[in-house]
Amino acid sequence: MKIRKFLTSALLLVSAISASAECEIAIGLAPFITEGDPVPAGVERKLQAKLKMALSHTGVAAGDYDCQFFLIGRFDEAFSQEAGGVGGRVMVKSELQLAICDGDNKKVYATATFPLKGVGANNEQALTRALGSLNTNNQEFITFVDRAKAKIVEYFNKNYPTYITKATTALNQRNYDEALYWATSVPECCDGYQQAHALATKIYNDRTDYEGANLLAKAEGEWAANPTAAGAKAAYRYLSQIDPASSSYQAAKNLGKKMSASVKADYDFETKEKYRNAVALEQQRIKAARDVAVAWAKNQPKTIVHHNWIVW
């Protein structure tokens, strides 16, 4: 029985790793914590850039520190010594510890330690060169990320109903951007993605209709208040922002024709019609939905997060 349970768990882990490798998962890059040995700011910036590139090669959407899941690290046991030779060169040795964590639930999903050694004209240059081993071909780094991705997939497989509920609640309150954030958070390779995707599509369509109706009302108000060339120009500023997929688009076209006939100006929405075919594509619409969700997350008030719960 124990062997059977072990094999079942092993198969589930392999399945989760395989699934996580097939879709993009968002992991943010956190500032390095201060408990380790300090490094020059320039070195940390270079490391952040290298980590972002390495993450992107493992199927991770590496972004700002606004994600539930994030990568964080620190340098430990750093020391330098003269390397000998001409020019007074310096050799630096250190250990880079990395962890991928779930900030909402305060869990560490994977850790890894990377020994670093470099030689340069000074400590900063030597440490920068030491980062050379941390590249997109580093198999230890790839394995480290894959372990964390498997845990994230497992998390969403269990908890996606919570995201659906939060998205639905926000939708009912017409908090469309927040609703899109929750609905688009479920990765494609996880259980519940199809449900979340369908909900995200509905949210985006409702948002499009709501915004279109508001813009149309403003345009109608401008035209009713001033049915002249100036009023038509003011109204068209609102009409031109209406998404062709909006339920208000036909009414907007009709108003444009009415204004054109009255003031002898061209408000026929030709460019919008050409754009219609592009926005009708589902992939582009869901990308637009994700962009809205990301913008919403970035605009939320930032809080100071303490990482004393991370066990290295």
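Reader: Arg 207: buried or exposed?
Author: Buried. In this predicted model, Arg 207 has a relative accessible area of 14%. The cut-off for buried is under 20%, so Arg 207 qualifies.

Reader: How far apart are the closest N and O atoms of Glu 211 and Arg 207?
Author: They are 3.5 Å apart in that salt bridge.

Reader: Where do Glu 211 and Arg 207 lie?
Author: Both are in helix α6. Four residues separate them, about one turn of the helix.

Reader: And why does Glu 211 count as partly exposed?
Author: Its relative accessibility is 37%.

Reader: What does Asp 206 bridge to?
Author: Lys 202. The closest N and O atoms are 3.0 Å apart.

Reader: Where does that pair sit, Asp 206 and Lys 202?
Author: Also in helix α6, which covers residues 193-225. Asp 206 and Lys 202 are four residues apart, about one turn of the helix.

Reader: What's the relative accessible area of Asp 206?
Author: Asp 206 has 23%, so it is partly exposed. Lys 202 is partly exposed too, at 43%.

Reader: How many salt bridges does the structure hold?
Author: Five. One of them links Asp 76 and Arg 74, with the closest N and O atoms 2.9 Å apart.

Reader: Asp 76 and Arg 74: buried or exposed?
Author: Both are buried.

Reader: New topic, rings. How many aromatic pairs?
Author: Twelve, counting rings whose centres lie within 6.5 Å. Among them is Tyr 155 with Phe 156, an edge-to-face pair.

Reader: What's the geometry of Tyr 155 and Phe 156?
Author: The rings are 5.3 Å centre to centre, with 80° between the planes.

Reader: Tyr 155 and Phe 156, buried or exposed?
Author: Buried, both of them.

Reader: Which residues do ring pairs link into a cluster?
Author: Tyr 155 and Phe 156 belong to it, along with Phe 69, Tyr 109, Tyr 163, Tyr 181, Trp 182 and Trp 296.

Note on methods:
Residues numbered from 1 in each chain as written. Predicted model: local features only at pLDDT ≥ 70, side-chain atom pairs only at ≥ 80, totals over all residues. Heavy atoms only, no water. Phe/Tyr/Trp six-rings, centres within 6.5 Å; stacked < 30°, edge-to-face > 60°. Buried < 20%, exposed > 50% of the residue type's maximum accessible area, 1.4 Å probe, protein only. Salt bridge = Lys/Arg side-chain N within 4 Å of Asp/Glu carboxyl O. Helix = DSSP H or I, 4+ residues; strand = E, 2+ residues; numbered from the N terminus.
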